[in-house]
Amino acid sequence: MTATLFTLTFAVAAPFWALMILLPRWSWTARIISSPLIVLPVVVIYGLLVIPAFAEVLPAVTSPTLDGVRDLLGTSDGAAAGWAHMIAFDLFVGRWAWLDSRERGVPALVMAPVLVLTILLGPLGLAAYLGVRARWPRSAVVAPAPQPLG
């Protein structure tokens, strides 16, 4: 079952990445990606892997040591759970970057490699997007003038 869940993890996330990278201007892409629930299938897989091993996982994450984390991730179940953890957070970060980039007017051709980097090496993709977003500041929103009381 672990091998199946491992394989399923990226398979359930890949369609969302494909929408953001390959169909960024399609109206349904914005509708679908705007929901934070797109990460839920991966979170469910993560739960299926972690909850049965909670007694082993909890000590490793509450008082982490290099040896303890290595031992936890050094099993098939641990590696699959670690993979699901990464995929869930990478997808959430990619979703945030994609939505934020649309608000800022960042071109899709600029975002595509950033999103691919986020899929492959999550934190480096995040760093790349933080650099990109500095080039495209969000438009200032003009607040309405305060209304007099009474």
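By class, twelve nonpolar, four polar and three charged residues form the lining of the largest pocket. The model is predicted. The pocket has a volume of about 380 Å³. It is lined by 19 residues, and those closest to its centre are Val-57, Val-61, Leu-72, Leu-73 and Ala-81. Helix 3 (40-50), helix 4 (54-62), helix 5 (66-73) and helix 6 (76-104) each supply at least two residues. Helix 6 gives the largest share, with five residues.

The overall architecture is helical. The chain holds eight helices and zero strands. Read from the N terminus, the order of elements is α-α-α-α-α-α-α-α. The radius of gyration of the chain is 19 Å, whereas a compact globule of 150 residues would have a value near 15 Å. Along the principal axes, the C-alpha trace spans about 60 × 45 × 25 Å.

Surface and contacts were examined next. Of the 150 residues in the chain, 30% are buried. The accessible surface comes to about 9,400 Å². Carbon and sulfur atoms account for 72% of that surface. Contacts between residues at least 6 apart in sequence were also sorted by separation. Among these contacts, 73% join residues at least 24 apart.

Four residues illustrate the local packing. Leu-5 is found in helix 1 (residues 2-22). Its relative accessibility is 8%, under the 20% cut-off, so Leu-5 counts as buried. Leaving aside neighbours within four places in sequence, Leu-5 is in contact with Ile-45, Leu-48 and Leu-49. Ile-45 lies 40 residues from Leu-5 in sequence. In space, the C-alpha atoms of Leu-5 and Ile-45 are 6.5 Å apart.

Gly-78 lies in helix 6. Gly-78 is buried because its relative accessible area, 8%, is under 20%. With neighbours within four places in sequence left aside, the contacts of Gly-78 are Leu-72 and Leu-73. Both leucines are also listed among the lining residues closest to the centre of the largest pocket. Leu-49 and Gly-78 are 29 residues apart along the chain, and 8.0 Å separates their C-alpha atoms.

Leu-99 is another residue of helix 6. Its relative accessibility is 23%, which falls between the 20% and 50% cut-offs, so Leu-99 counts as partly exposed. Phe-16 is 83 residues from Leu-99 in sequence. The C-alpha to C-alpha distance between Leu-99 and Phe-16 is 13 Å.

Thr-118 lies in helix 7 (residues 108-120). Thr-118 counts as buried because its relative accessibility of 2% is under 20%. Not counting residues up to four places away in sequence, Thr-118 touches Trp-17, Asp-90, Val-93, Gly-94, Gly-125 and Leu-126. Three of these contacts, Asp-90, Val-93 and Gly-94, have numbers within the range of helix 6 (76-104). Trp-17 has a number within the range of helix 1 (residues 2-22).

How values were computed: Residues are numbered from 1 along each chain as its sequence is written. This is a predicted model: local features need pLDDT of at least 70, side-chain atom pairs count only at pLDDT 80 or more; totals for chains, interfaces and linings use all residues. Side-chain values use heavy atoms; hydrogens and water are left out. On a 1 Å grid over the protein atoms alone, a cavity is a set of points where a 1.4 Å probe fits but cannot get out, and a pocket is an open set with protein on both sides within 12 Å along at least five of seven lines; lining residues have an atom within 4 Å of a point. Grid points are joined across faces, edges and corners, and a volume is the space filled by probe spheres set on the points. Ala, Val, Leu, Ile, Met, Phe, Trp, Tyr, Cys and Pro count as nonpolar, Asp, Glu, Lys and Arg as charged, and the others, Gly among them, as polar. The radius of gyration is taken over C-alpha atoms; the globule rule is 2.2 Å times the number of residues to the power 0.38. Buried means under 20% relative accessible area, exposed over 50%, partly exposed in between (1.4 Å probe, protein chains only). Contact means heavy atoms within 4.5 Å. Accessible areas come from the Shrake-Rupley method with a 1.4 Å probe; for residues, only the protein chains shown count as cover.
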